[in-house]
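Hi,

Here is the structure I promised to pass on. Have a look at it first, and my notes on the salt bridges follow below.

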Amino acid sequence: MSGDTSLPGAPPPRPIPLKDRASIIFVERGQLDVIDGAFVLVDANGIRMHIPVGGLAAIMLEPGVRISHAAVSLAARAGTLLVWVGEAGVRVYASGQPGGARSDRLLWQCRLAMDEAARLRIVRRMFELRFSEPAPEKRSVDQLRGIEGARVRALYEGFARQFGVSWTRRNYSPDNWDISDTPNRALSAATSCLYGLTEAAILAAGYAPAVGFLHTGKPLSFVYDIADIFKFETVVPEAFRIAGQHAKGKLSGPVDREVRQACRDVFRRSNLLGRLIPAIEDILLAGDLPPPEPPADAVGPAFPDPAASGDAGHRS
């Protein structure tokens, strides 16, 4: 068949670079569909809200959302990740794959993960980026994981003191959101935002979310690897800040909603979308195994940068 002409209205938006997009939105209680070529949410009262699907990295679909085949197709062509999550984003059920994985990048990632020396070099680089200092010498991946765990617990305790939050430990049940205390609920909501954004970046760059280096054996292992590098400079402080405001009775809305809005703002301030893919490349290059040259007929990147105007001496 030639090009898909099943969707009436305007042609699908051309994918734009991930770094130029807004981060994420959460959608609940409504029908996502395509009307007159536009991505819209229709609620129970028939009220339509247009969603700029081509300008978003990910859309988080909470319980109560139904989505049409046309909407899924348009999101895929626009390169926007759809993630089906539980209430307040505490669980991830499924996700799409915008752009598809590049086989050359995917094979390189797998080769790095299976080479123990390369894997250790990558884990050491992640440690360095996360804590702004070189990893201790002559430590295995398991030993570095233990050192990291101790530092993470200390960071949680430090943020709890800073924002006046009563804290015991990171403890939550993805099967029962309501049994978690407020700080843990805030952290779960915050990290779900970060994981959705990170998964979108990994898929856009052509890698597999499941092939991790420090984290292994889970569908989002590589997502956790990359997200952890940015977690404590972005979403974790915001989660503790909002938990502290809640303890003082200063919140105007539900904790999870306040956390999401704070994450959206910190993603913008920190230019996280512009930093994620370069960080992924930096980390994988630390494995010191050369990336393969893409085949001549390889599909291009999901979100290509537009060609610069003028020559190399001109500003684009």
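One term before the rest: a residue is called buried under 20% relative accessible area, exposed over 50%, and partly exposed in between. Keep in mind that this is a predicted model.

On that scale Arg125 comes out as partly exposed, because its relative accessibility is 21%. Its side chain meets that of Asp282 in a salt bridge, at 2.9 Å from N to O. Asp282 sits in helix H9 (residues 272-285) and Arg125 in helix H3, so this pair ties together parts that lie 157 residues apart in sequence. Asp282 is partly exposed as well, at 29%.

Helix H9 also holds Arg275, which pairs with Glu233 in the loop between helix H6 (221-231) and helix H7 (235-247), 42 residues away.

Glu116 and Arg119 are both in helix H3 (residues 116-131), 3 residues apart, or about one turn. Their side chains form a salt bridge at 3.9 Å, N to O. Which of the two is buried, and which is exposed? Arg119 counts as buried because its 14% is under the 20% cut-off, while Glu116 is exposed at 53%.

Cheers

Note on methods. Residues are numbered from 1 along each chain as its sequence is written. This is a predicted model: local features need pLDDT of at least 70, side-chain atom pairs count only at pLDDT 80 or more; totals for chains, interfaces and linings use all residues. Side-chain values use heavy atoms; hydrogens and water are left out. A salt bridge is a side-chain nitrogen of Lys or Arg within 4 Å of a carboxyl oxygen of Asp or Glu. Helices (H or I, at least four residues) and strands (E, at least two) are DSSP runs, numbered from the N terminus. Buried means under 20% relative accessible area, exposed over 50%, partly exposed in between (1.4 Å probe, protein chains only).
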